[in-house]
Amino acid sequence: VDFKKEYDEHGKESVVISDSRKIRLDLIPRIMCLLLAVIIWIYCVNITEDDVVATFTVKLGIVGEMQNGLEMYTSSNVTEVTLTVQGTNRDINKYTASDYSATIDVSNIDSVGWSNLKIITAKPKGSENSKLTILNTNIDSVTVYADYSGEVHVPLSIREGSINKPENYNFSYMLEDGVDSILITGPKTLIEQV
């Protein structure tokens with residue numbers, strides 16, 4: 001309630017009670033409404049999109065052991081695999097690249113030589129009831145070379161070749177006592193040729 005001065009047509013002053021309301025901003029309730037609207041909007045956007053596609057780069061793992069004591073010596077230099085994944089926006093954002101897996105199984109290799117192994121991919125644990133799907137990978141298989149381990153001792157000798165050096169320039173070298181050979185290890189098929 002406000003008291004206001006009013007003047008009549010003869011200029012006589014009188015005080016009247018005014019019931020006009022003051023305009024207030026109500027800033028706090030307005031900010032709370034805005035925040036609530038933003039939260040609802042984010043929730044709705046995350047729920048409705050179900051065909052979101054994303055790519056993740058995953059380290060290639062090796063599972064199993066080769067048979068007959070074989071060892072893996074080289075592969076086709078593949079250490080990472082890129083997965084293309086489809087699902088809802090919420091499911092895609094729920095997992096990271098480390099939650100997916102890409103592996104090769106070497107347990108069926110039983111002879112020396114090259115083998116072509118299929119890459120096995122897996123969705124994250126706990127995503128069985130989600131709409132996540134691995135659409136494809138950038139590579140499907142990896143080539144691996146298996147062999148037995150071998151070693152050979154190669155005699156060590158030092159020969160001075162034709163070295164261009166200025167006059168009065170001397171150099172020296174020493175071998176550690178008892179060192180007369182170098183041990184080379186690696187795939188037996190190649191080591192036998194050394």
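One definition before we start: a salt bridge here is a side-chain nitrogen of Lys or Arg within 4 Å of a carboxyl oxygen of Asp or Glu. Keep in mind that this is a predicted model, where local features need pLDDT of at least 70 and side-chain atom pairs count only at pLDDT 80 or more, while totals for chains, interfaces and linings use all residues. Residues are numbered from 1 along each chain as its sequence is written, and side-chain values use heavy atoms, with hydrogens and water left out.

**Whole chain.** Colour by secondary structure and you'll find 3 helices and 12 strands (DSSP runs numbered from the N terminus: H or I of at least four residues for helices, E of at least two for strands). Of the 194 residues, 23% count as buried; that label means under 20% relative accessible area, with exposed over 50% and partly exposed in between, using a 1.4 Å probe and protein chains only. Among contacts (heavy atoms within 4.5 Å) with a separation of 6 or more, 72% come from residues 24 or more positions apart.

**The open sheet.** Next, select β8, β6, β3, β5 and β9: these 5 strands form an open sheet in that order, with mixed pairing. Strands count as paired if DSSP finds at least two bridges between them. β8 (120-122) and β9 (133-137) each have a single partner strand, so one side of each is left without a neighbour in the sheet.

**β3 and β6.** Zoom in on residues 52-63 and 101-105: these are β3 and β6, running parallel and joined by 4 bridges. Show V63 and you'll see D105 of β6 standing opposite.

**The salt bridge.** How many salt bridges does a search of the whole structure find? There is 1. Pick E80 and K59, whose closest N and O atoms are 3.9 Å apart. E80 sits in β5 (residues 80-87) and K59 in β3, so the pair ties together parts that are 21 residues apart in sequence.

**Last stop, S130.** Go to the loop between β8 and β9, where S130 is found. Is S130 buried or exposed? At 18% relative accessibility, S130 counts as buried. Now draw two distances from the S130 side chain: a polar atom there lies 2.7 Å from the backbone oxygen of S127, and the side chain also reaches the backbone nitrogen of L132 at 3.4 Å.

Definitions and conventions:
Polar contact = N/O pair within 3.5 Å; in protein donor to acceptor, adjacent residues only side chain to side chain.
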